[in-house]
2 protein chains.
Amino acid sequence: MVSCFVSLRLGWCCGTLPRWRTNVQHRTVATWTSATAQWGLQQKKLAELYCPPVSQPPPRWGSSLLGKRAFSTTSASPQEVMLTSERYGVQRLPFSHLSDGDFAFFESLLPGRVVTDPDELRTFNVDWLQSMRGCSKMLLRPQTAAEVSEVLRYCNQRNLAVTPQGGNTGLVGGSVPVFDEIILSTALMNQVISFDKVSGILVCQAGCILESLNQYLAELDFIMPLDLGAKGSCHIGGNVATNAGGLRLLRYGSLRGTVLGLEVVLADGSLLNCLASLRKDNTGYDLKQLFIGSEGTLGVITAVSILCPRKPKSVNLAFLGCQSFSQVLGTFTACKGMLGEILSACEFMDDLCMTLVESHLTLSRPVTGSPFYILIETSGSNSAHDEEKLNHFLEHVMASGLVTDGTVATEDKKIKALWSLRERITEALTHDGCVYKYDLSLPVERLYDLVTDTRARLGAAAKRVVGYGHLGDGNLHLNVTAESDSRSLRDAIEPFVYEWTARHHGSISAEHGLGFRKKQHIEYSKPRGAVLLMQQLKAMLDTKGILNPYKTLPAAP
Amino acid sequence: MVSCFVSLRLGWCCGTLPRWRTNVQHRTVATWTSATAQWGLQQKKLAELYCPPVSQPPPRWGSSLLGKRAFSTTSASPQEVMLTSERYGVQRLPFSHLSDGDFAFFESLLPGRVVTDPDELRTFNVDWLQSMRGCSKMLLRPQTAAEVSEVLRYCNQRNLAVTPQGGNTGLVGGSVPVFDEIILSTALMNQVISFDKVSGILVCQAGCILESLNQYLAELDFIMPLDLGAKGSCHIGGNVATNAGGLRLLRYGSLRGTVLGLEVVLADGSLLNCLASLRKDNTGYDLKQLFIGSEGTLGVITAVSILCPRKPKSVNLAFLGCQSFSQVLGTFTACKGMLGEILSACEFMDDLCMTLVESHLTLSRPVTGSPFYILIETSGSNSAHDEEKLNHFLEHVMASGLVTDGTVATEDKKIKALWSLRERITEALTHDGCVYKYDLSLPVERLYDLVTDTRARLGAAAKRVVGYGHLGDGNLHLNVTAESDSRSLRDAIEPFVYEWTARHHGSISAEHGLGFRKKQHIEYSKPRGAVLLMQQLKAMLDTKGILNPYKTLPAAP
């Protein structure tokens, strides 16, 4: 048994060892079969990119690695994006227009931190997918909650609309203006306020970049309870405002459990301090929950208190190939039972996703020839125990034919490179043409049926229909690519996808939120009475509706 | 090393084996030193009691085991409890009084399920601590959400006040009427609606008893994500309405993360169906969070969807003695680091708690002679791995002098008996006289300082000042007993305890809620702006204020 562990450990390092022998019972040897030198280099670049100086605009999702459709701040493409208001035929609500007096007020409040140059504003007006564009004339960069309070108090009095913006990595158009809303950036609110090593509770400002926080914590032997592809750019405030899910939700639960406190500025500028650093607090209604996942429409999050887990002493990542989705499900059930408390992620991708990552990002997969792939991560406190559990699991899934091929990585660098195969699918898709994105919660047994049905329905009208996502959470990312945007293709996809999801009691937005793109579809997942109640809450907390208008909810009747 | 595991496994079974040898490095032998036959018997009785037929009123916290202050339904004591309105000088709000027409309406709506007999009503009017008493003239027992909807629609029209009641095990007077509010019992809404073995998601009605659910799930190889002393009586709907914490929060997180959906009837009778069975759903504001922890003041929870963990294959429970609270803290830090992902509970009790449990409940502790005791539970998927981790931890804490004595149980029966030492402290306290109860969140380093300071402050005025609680969550249960209720004693405790807690940025209610008893103290833990916002929410959702009046929030200005 010990030799198996050694093989597992050495797996990634050995380029030419044989793969697991699928026909051999009681032995599991994990190896790596592809050259990985280029990955190492890319990973290094990524690591550099992901730690920007705080005063610089953050890079987007590995943007500088992109080829023909680069999204860097010097790209010319933002100008080419059609205005959201024109594309979707939106009517501007009767907010005030910025006056010279407003510019003077903000310049005196935030000297040197008011951006009005059209070239500088361009990237903040366009979303990461480059399919939505607003025409804001002003971006504000407060450093403190007090400044945010002053900004909103003034805007509320003047009836000026505001779009809060974190890392601007959202996928539903929630973080960019639709018209000329003032962009309120959290980028300069990027300070860690405190970290308690006994309790593991971190308190920080909303503009801290997720990966920077993770690196800060790693040195203290802790990690953030969430991880996602956009970690190098996204802000913790934005993560909370959108109730981001990501890769670690399976293990550490949702932000609704791990966020312990929030500091929020309401639409009228009043400061709501619920920044408790307590694991338990049952004194009255839990107001912070109102702001988690409300996409900046009810208040602006300025600071976060969050419970962070210990950094696991041992991490393993298995990349496995399966011949059918039923084998994917069988493998998932087996890993939940056999890996138990050390299971920290369970993701799946179809073969087309891997083809995209290979062709557009020149990454290479360690295992080929399977229609489905699974990434299974373990995180634990004892490497020998974890490897033994993983080995038993791998023996089982290989012997039972659930998995036909695979590899395991235990070194941090190799683990990161394997993860990038999954994390960079979103980026690879943007290179494939126009992308129609759907983020759905479904009963896990039916997860891939929607991909199959959509593929059959669209036929040659689509370039590619791919499915991947968080298997452990029943969260499918369905993506359709085409050479160009087409009304007829969109009509073929929607409302088909939403109706299919509603019929299976799913959610039409598992983790991305509704933002601008999906707000009209909320009733596929929520009853009318619930939507009415949400509209009442919005009206109560933001009487003039200045906060992130045109987002999250359909207009009140 | 193997011999250690065997000893650990046999620990409880051997009545006369030596304890751990504190002076021996590199060897840890866990044993059991006290006779346990009587415990086994009591545990069997408890198990019988905890599974009542659904049509009977549920027993309270092991109530039939009580001696001189029995709380059973045949006890005469409820009559002796002073009326809350008189004791606290509360003015009745201008709700309607029940008329003959109302009785007729409810009898036709819920034939045979309207209780008006004063003798039958008595126990439902009095809280478990027997210190609050209302004078409700009617208890309703709906079986469906539709019936609850009809009840509330009628009550709202008629301006009749309603107190929702689950197992009536709360400790802050939240579940009993203050005046003549109609008691709306969830006892007959006790059906499991569905359970999905792949996702682990349970959907059930609000009146299911927590322990019954746990037993139902155990047969399917799952457990409930929460566990608490009142499990034999409390209803899952009440657990959610009070955001119950309990013993497993350390491992599985709070109900805010594990509750996936709720069905709620609002004050006007409208049914809000947010009963999703999805791990992720970001479509609009998360309305269910409004009802978690709002103590029935915003709506009546009629069904719950909750994520349940797999039943651990291996459970160990260590009962350890420490010579100081700093050693308790050291042990806690060590177990978090060394037990990692298998740590499922970490509780502490001071010596006085154990004295109470021994003297009032005739339980006996396995280890004596320490001023502090810790219960550390591990739950994992591999018994050999878990025992090895536990053994290393025990070796470390013994060798370093953090722990001076202890025992480990691995058998289910023995584990339950050990747990009862902790779970039944609340019950033991009620035998000690009049009890002043405080449930506080504090930075874990300062947790016991409050007990010491309170003891010093009260001196001979108190009979006993004891501290115990959920160390892993920073949650102290501070209890003061006295021969009788005394205004001067209460004035010596309050606001001292609240001010002390606020000074250390704690919460004056970690898990019990505010109910009637603590609503006036909310501003020790929440800023005025937050309380005002809560009052706005209450006014929006319950315009006439008929739902659980006099609870949770101070009256709006």
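Visitor: In strand 9 of chain B, which residue is the bridge partner of Cys204(B)?

Guide: This is a predicted model, in which local features need pLDDT of at least 70, side-chain atom pairs count only at pLDDT 80 or more, and totals for chains, interfaces and linings use all residues; side-chain values use heavy atoms, without hydrogens and water. Residues are numbered from 1 along each chain as its sequence is written, with chains lettered from A and ligands numbered from 1 in the order in which they are written. Strands (E, at least two residues) and helices (H or I, at least four) are DSSP runs numbered from the N terminus, and two strands pair if DSSP finds at least two bridges between them. Strand 6 (201–205) and strand 9 (300–307) of chain B pair in the antiparallel sense over 5 bridges, and the partner of Cys204(B) in strand 9 is Val304(B).

Visitor: In what order do the 5 strands of the open antiparallel sheet in chain B stand?

Guide: Its edge strands, each pairing on one side only, are strand 5 (192–196) and strand 8 (271–274) of chain B. The order is 5-6-9-7-8.

Visitor: Which residue in strand 4 of chain B stands opposite Gln165(B)?

Guide: Strand 3 (162–165) of chain B stands at an edge of its sheet with a single partner strand, so one side is left without a neighbour in the sheet. Strand 3 runs parallel to strand 4 (182–185) of chain B, joined by 4 bridges. Opposite Gln165(B) stands Ser185(B).
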